Amino acid sequence: MSSQNLVTVTPDKDNDEIAIVTMQRPPVNSLNLELLQALSKTLDELSTSDFRAMVLTSASPTVFSAGLDIMEMYKPDLKRAEQFWSTLQDVWLKLFESNLITAAAINGHAPAGGCLLAMSCEYRAMVSGKYSIGLNETALGIVAPRWFMDCMLNTISQREAEIALTTGKLFSVEEALKVGLIDETAKDKEDAINKCLGFIEKFESIPPLPRSMTKQKFRANGVQWLKANKQADIDEFVHFLKFPQVQQSLEMYIHMLKSKQNKSE
Amino acid sequence: MSSQNLVTVTPDKDNDEIAIVTMQRPPVNSLNLELLQALSKTLDELSTSDFRAMVLTSASPTVFSAGLDIMEMYKPDLKRAEQFWSTLQDVWLKLFESNLITAAAINGHAPAGGCLLAMSCEYRAMVSGKYSIGLNETALGIVAPRWFMDCMLNTISQREAEIALTTGKLFSVEEALKVGLIDETAKDKEDAINKCLGFIEKFESIPPLPRSMTKQKFRANGVQWLKANKQADIDEFVHFLKFPQVQQSLEMYIHMLKSKQNKSE
Amino acid sequence: MSSQNLVTVTPDKDNDEIAIVTMQRPPVNSLNLELLQALSKTLDELSTSDFRAMVLTSASPTVFSAGLDIMEMYKPDLKRAEQFWSTLQDVWLKLFESNLITAAAINGHAPAGGCLLAMSCEYRAMVSGKYSIGLNETALGIVAPRWFMDCMLNTISQREAEIALTTGKLFSVEEALKVGLIDETAKDKEDAINKCLGFIEKFESIPPLPRSMTKQKFRANGVQWLKANKQADIDEFVHFLKFPQVQQSLEMYIHMLKSKQNKSE
């Protein structure tokens with residue numbers, strides 16, 4: 001599958017100024033280098049297009065995105081690991097600061113990097129059910145970088161965020177709604193997209209330039225830090241991957257995932 | 001009407017240490033240069049007076065303050081525009097950091113600059129009814145400066161503030177109470193003033209110096225930024241006024257206001 | 001009583017990786033230099049021990065800690081006052097940033113410095129009853145330093161914190177729960193400790209290193225400020241003690257406490 005096909009962009013059927021952006025890297029939209037590159041390219045194209053809004057969603061029926069692909073971190077090629085992290089930084093900056101109105105139709109699980117993508121949007125509607133969302137990095141033996149935290153603090157309170165990140169909490173849909181990590185629940189993917197469209201409608205009479213400038217001012221703190229510390233943040237990530245106990249944690253997690261898969265087959 | 005009469009200061013009938021500060025620039029307390037200068041002078045006088053608290057309110061029966069006078073921004077004299085913005089900065093700094101206990105009895109609409117004045121106080125009681133309050137700058141095609149945002153973040157959460165400012169939301173009284181943008185609702189102006197007096201009473205046994213020092217420490221972040229960037233902030237405002245699309249937005253808004261007035265005559 | 005005995009460390013009866021840390025300076029655990037030194041030493045020992053969690057509590061049946069010992073501030077020996085404040089800074093830094101999981105079983109009143117100790121932990125269970133908790137410094141005529149505020153902002157919202165600190169509010173247990181200053185109420189001390197153990201259990205499968213790194217990243221802002229301004233913060237405290245009106249406030253407070261004691265005898 002070419003990089004191009006990992007992300008599709010389709011105009012909404014009723015409003016061609018709204019792009020439905022769908023991640024489709026089966027089975028669970030794990031964010032590997034290629035999917036991140038496709039997202040990065042898509043965000044570049046959208047920023048110079050006539051689209052004024054986007055809804056981010058997934059082609060999987062049960063997973064929005066499973067987060068960073070662990071295979072990019074387990075026994076890594078360090079050069080590729082650098083590129084991987086740098087591309088993740090770019091995707092976040094482009095999505096978090098996007099000139100477009102951004103909303104996430106979360107049609108399934110959204111752990112770790114999946115939660116980050118959802119939180120980087122301006123609105124979140126999540127399909128009810130046995131799905132979960134959260135920054136569960138500590139449970140995997142890794143540390144969410146500072147800008148993941150800043151991104152979460154744009155959405156929920158300091159108190160809730162500290163407990164969520166230290167415990168590696170995956171919120172149920174109801175818990176996520178209660179704490180403000182998502183804005184609305186939805187019956188299914190179509191309903192989640194419709195709720196995102198409802199949010200986008202609020203900006204119908206708002207001029208785009210003051211809108212995006214206002215959004216970017218609110219989000220400047222986290223963004224400025226990453227822009228000023230891009231290489232240091234990459235170095236910290238790569239350095240962390242070299243810890244034996246981090247590799248051990250990842251290995252245990254991979255075994256656990258495999259045994260789950262075997263059971264469900 | 002002389003500058004002096006645009007703002008009146010009256011001691012509370014039961015407690016002459018509390019100043020009732022009333023804005024009276026008919027019809028809607030639009031904040032033009034002269035009203036801002038009168039507010040600035042009043043705040044200076046209060047800071048060296050024997051008053052230990054103030055309640056800010058309006059002489060209009062339906063409007064607390066309609067916000068910045070658009071005529072100061074539409075086809076502006078740039079020199080006056082600079083002075084206008086600089087005086088607004090001063091009023092905000094003096095009110096936000098005031099040594100006095102400050103409360104707003106919001107007896108009517110409080111959009112944009114009207115909301116800023118209310119948020120700069122330490123307490124807000126708002127008269128129930130079809131009134132609204134919020135920073136709706138984007139709806140007018142302009143961008144609230146960073147210190148408007150800092151001021152709002154002193155009152156409501158980052159999440160609520162981002163949505164409110166990007167959508168240019170005007171909150172109903174009930175919505176404002178729910179989100180914490182106001183502290184109490186009131187039956188009428190007298191009741192709103194009484195609720196402000198109730199807040200002021202909480203400080204009866206609190207020594208004034210530690211009180212004001214504590215308040216100023218909490219408010220230091222936003223204040224320090226503006227003090228360090230006063231001229232840049234003025235320049236940005238004046239620069240923004242020169243954008244043709246900003247002038248067009250203001251013109252449309254003025255036409256809309258005029259057609260509303262004609263209809264109601 | 002030797003410094004050692006002012007704080008005891010006992011392993012939890014069911015889990016020897018959890019330390020029950022008990023303050024016991026009768027009658028009310030006032031934080032004088034010696035109690036702070038004992039706490040500081042205890043925190044050092046815990047950080048290099050095999051304990052992975054601690055529950056902070058009090059030997060008094062009605063007071064968690066009455067806060068800073070006013071006798072360290074009233075007519076102070078300035079050299080000792082410096083050491084006193086410096087030790088308080090150290091205790092806060094060690095507790096707030098501790099590698100251990102930290103929880104407070106608040107079995108009685110926790111004003112001022114008592115509230116600070118509780119807020120520095122990651123979780124708070126408080127015994128129901130006529131107890132109170134809060135930073136009531138202004139009521140005593142003093143100003144909570146910036147890092148007390150940062151510590152409170154780690155727990156409750158900016159809006160709630162400003163009102164609480166300027167009014168010197170002591171929250172009832174119910175009010176503290178509502179605003180998020182405590183996480184749970186408890187029937188008695190044993191129940192409060194059990195609820196803390198319940199919180200600690202959440203980290204059973206979370207690797208300790210990513211956990212503590214994540215916690216420390218969240219708490220870095222307030223910590224960095226104090227580390228960069230340690231001496232200036234000491235100087236400000238000592239300078240403040242020299243104000244005649246501060247000494248007068250403290251004197252009045254001491255008289256008030258004594259007359260209370262006499263009445264209750």
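Trainee: What does B:Thr214 touch, leaving out residues up to four places away in sequence?

Mentor: The contacts of B:Thr214 are C:Thr138, C:Val143, C:Met149, C:Leu165 and C:Thr166. Bear in mind that this is a predicted model.

Trainee: Where is B:Thr214 found?

Mentor: B:Thr214 belongs to helix α8 of chain B, residues 208–218.

Trainee: Buried or exposed, and why does B:Thr214 count that way?

Mentor: B:Thr214 counts as buried because its relative accessibility is 1%, and the cut-off for buried is under 20%.

Trainee: What about α8 in chain C, which residues are buried there?

Mentor: In α8 of chain C the buried residues are C:Pro210, C:Arg211, C:Ser212, C:Thr214, C:Lys215 and C:Phe218. Their cover includes α4 and α5 of chain A, together with α2, β4 and α9 of chain C.

Trainee: OK, interfaces. How many residues does the contact take from chain A and from chain B?

Mentor: Chain A puts in 21 residues and chain B 23 residues. The area buried between chain A and chain B is about 1900 Å², and carbon and sulfur atoms give 63% of that. On the chain A side, A:Thr214, A:Lys217 and A:Phe218 supply 35% of the area buried against chain B, more than any other three residues.

Trainee: How many salt bridges does the rule find across the interface of chain A and chain B?

Mentor: The rule finds three salt bridges across the interface of chain A and chain B. In one salt bridge, the side chains of B:Glu162 and A:Arg219 meet at 2.7 Å, N to O. There are also seven residue pairs in polar contact between chain A and chain B, both residues at pLDDT 80 or more.

Trainee: Which helix gives the most to the side of chain A that touches chain B?

Mentor: Helix α8 of chain A, with eight residues. The side of chain A that touches chain B divides into 10 nonpolar, three polar and eight charged residues.

Trainee: And chain A with chain C, how many residues from each?

Mentor: That contact takes 23 residues from chain A and 21 residues from chain C. Chain A and chain C bury about 1900 Å² between them, with 64% on carbon and sulfur atoms. A:Arg159, A:Glu162 and A:Thr166 lose the most area in chain A to chain C, together 33% of what that side buries.

Trainee: How many residue pairs are in polar contact between chain A and chain C?

Mentor: Seven residue pairs, both residues at pLDDT 80 or more. The elements of chain A that give two or more residues to the side touching chain C are α4, α5, α10 and α11. Among them, α5 gives the most, with seven residues. The residues on that side of chain A divide into 12 nonpolar, seven polar and four charged.

Trainee: Which residue forms a salt bridge with A:Glu236?

Mentor: C:Lys217 does, and the closest N and O atoms are 3.1 Å apart. A:Glu236 lies in helix α10 of chain A and C:Lys217 in helix α8 of chain C, so the pair joins two chains. A:Glu236 is partly exposed at 39% relative accessible area, and C:Lys217 is partly exposed at 26%.

Trainee: What about B:Asp183, which side chain does it meet in a salt bridge?

Mentor: B:Asp183 meets C:Arg159, at 2.8 Å, N to O. The pair crosses between chains, from the loop between α6 and β11 of chain B to helix α5 of chain C. B:Asp183 counts as partly exposed at 22% relative accessibility, whereas C:Arg159 is buried with a relative accessible area of 10%.

Trainee: How many salt bridges are there over all chains?

Mentor: The search of the whole structure finds 48 salt bridges. One of them pairs A:Lys215 with A:Glu122 at 2.6 Å, N to O. That pair links distant parts of the chain, 93 residues apart, with A:Lys215 in helix α8 and A:Glu122 in the loop between α3 and β8 of chain A. Both A:Lys215 and A:Glu122 are buried.

Trainee: Last one, C:Ala81. What does it touch, not counting residues up to four places away in sequence?

Mentor: C:Ala81 touches C:Pro76, C:Phe237 and C:Leu241. C:Ala81 sits in helix α2 of chain C and is buried, with a relative accessible area of 1%.

Definitions and conventions
Residues are numbered from 1 along each chain as its sequence is written. Chains are lettered from A and ligands numbered from 1 in the order in which they are written. This is a predicted model: local features need pLDDT of at least 70, side-chain atom pairs count only at pLDDT 80 or more; totals for chains, interfaces and linings use all residues. Side-chain values use heavy atoms; hydrogens and water are left out. Contact means heavy atoms within 4.5 Å. Buried area is the accessible area (1.4 Å probe) that two parts lose on being put together, summed over both. A salt bridge is a side-chain nitrogen of Lys or Arg within 4 Å of a carboxyl oxygen of Asp or Glu. A polar contact is a pair of N or O atoms within 3.5 Å; within protein, one must be able to donate a hydrogen and the other to accept it, and residues adjacent in sequence count only if both atoms are side-chain atoms. Helices (H or I, at least four residues) and strands (E, at least two) are DSSP runs, numbered from the N terminus. Ala, Val, Leu, Ile, Met, Phe, Trp, Tyr, Cys and Pro count as nonpolar, Asp, Glu, Lys and Arg as charged, and the others, Gly among them, as polar. Buried means under 20% relative accessible area, exposed over 50%, partly exposed in between (1.4 Å probe, protein chains only).
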